[in-house]
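Reader: I'm new to reading protein models. Could you take me through this one?

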There are 2 protein chains.
Amino acid sequence: MAALFVALIHYPVVDRNGRIVTSAITSLDLHDIARSSRTYGATAFFVVHPVPDQREFAGRVLEHWRTGYGRQFDSRRQEALDLIRVVTNLDDALVEAERIAGARPLVVYTSARASTGIAYAEMRARLEREDAAPVMLLFGTGFGMAPAMLERADLALAPVLGPGGYNHLSVRAAAGIILDRLRGH
Amino acid sequence: MAALFVALIHYPVVDRNGRIVTSAITSLDLHDIARSSRTYGATAFFVVHPVPDQREFAGRVLEHWRTGYGRQFDSRRQEALDLIRVVTNLDDALVEAERIAGARPLVVYTSARASTGIAYAEMRARLEREDAAPVMLLFGTGFGMAPAMLERADLALAPVLGPGGYNHLSVRAAAGIILDRLRGH
């Protein structure tokens, strides 16, 4: 199976009015997406933020769970949080992923608003090939990634849909669902 | 399609040591599971808690989003939160669901620790039948529902698994993934 990486993007993302902003790190995003990443066999989960104070905040959250009370409380959570790498931008995530996996990952964009994109079954089959390149899935915070991030991607996944037109999922749920579609048993 | 209901159980659940406890309501559970419920066409999302103060807390969270700032901030979130019914226990949820759907729902237990359970494809096919009874999916908070809740259920779903043995998902992610497996497109 291809190595799978997850990246949570906090900049550039859009707010509800479509303005480009930097979103704040949400502690529960780190926990939930780390646990989903571990469940579906991701190699690392990159938390991508350009602001040093925010990266330090993420570091403190991780430290709490790596040591002392948090570790005693739930060691399985620690196994998940060990996947997290806090980095400044996507390029740094790609360099680190290439170092780990031995090849540069294919960058795959996800969006609830995508009008088109590769089907999940096709992406899943690609990941299952022995010789497949590593893949890095990008997830946007706020109201989704800015259009500039799509230009950084090699591929876009189709939006996740239910039976109706509403698909305003949280990034925590969307990441879990997409990982399940690509790697669930 | 059968009417689908979601219930988030805060009592009886277990803590990390397997002791039976009442868990606190987490605001983000309400948001995330409401958004997933809306996306996958659930008819209502029951937040089940025996403690009046906790039910009032949930009511205040909803009120914030039904009026004023929250509503202006994100009207799509409001559409999701409108699905929430805060109730005292599972019986009250079942009575209300029966009133809405016209028939008593089949109660379906979910657990990461289940050793067996009905397959997702089978449950999905059942939901798609025209004449199928309504279904209520139970999700546990804390470290999962107490064994007593399994005795209340008509069926249990198989655990959600990835490629490895780790499946310690957050309830927010698990609810999204299970709804996607049953109703995703």
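Reader: What makes up the accessible surface of chain A, and how much of that surface belongs to carbon and sulfur atoms?

Author: Keep in mind that this is a predicted model. The accessible surface of chain A comes to about 7,700 Å², and carbon and sulfur atoms hold 50% of that.

Reader: How do you know what a compact globule would have as its radius of gyration, and what does chain A have?

Author: The rule is 2.2 Å times the number of residues to the power 0.38. For 185 residues that puts a compact globule near 16 Å, and chain A has 16 Å, so the value agrees.

Reader: What share of chain A counts as buried?

Author: A residue is called buried when its relative accessible area is under 20%. In chain A, 55% of the 185 residues count as buried.

Reader: Now chain B. How do you know what helix 1 should span?

Author: You multiply 1.5 Å by one less than the number of residues. Helix 1 of chain B (residues 27–39) has 13 residues, so it should span 18 Å; its end C-alpha atoms are 19 Å apart, which agrees.

Reader: Why is helix 1 of chain B called largely enclosed?

Author: Because 10 of its 13 residues are buried, helix 1 of chain B is largely enclosed by the rest of the structure. Those buried residues include B:L30, B:I33 and B:A34, along with B:D29 and B:R35.

Terms used
Residues numbered from 1 in each chain as written. Chains lettered and ligands numbered in written order. Predicted model: local features only at pLDDT ≥ 70, side-chain atom pairs only at ≥ 80, totals over all residues. Heavy atoms only, no water. Buried < 20%, exposed > 50% of the residue type's maximum accessible area, 1.4 Å probe, protein only. Areas by Shrake-Rupley, 256 points an atom, 1.4 Å probe, with all protein chains shown as cover. Helix = DSSP H or I, 4+ residues; strand = E, 2+ residues; numbered from the N terminus.
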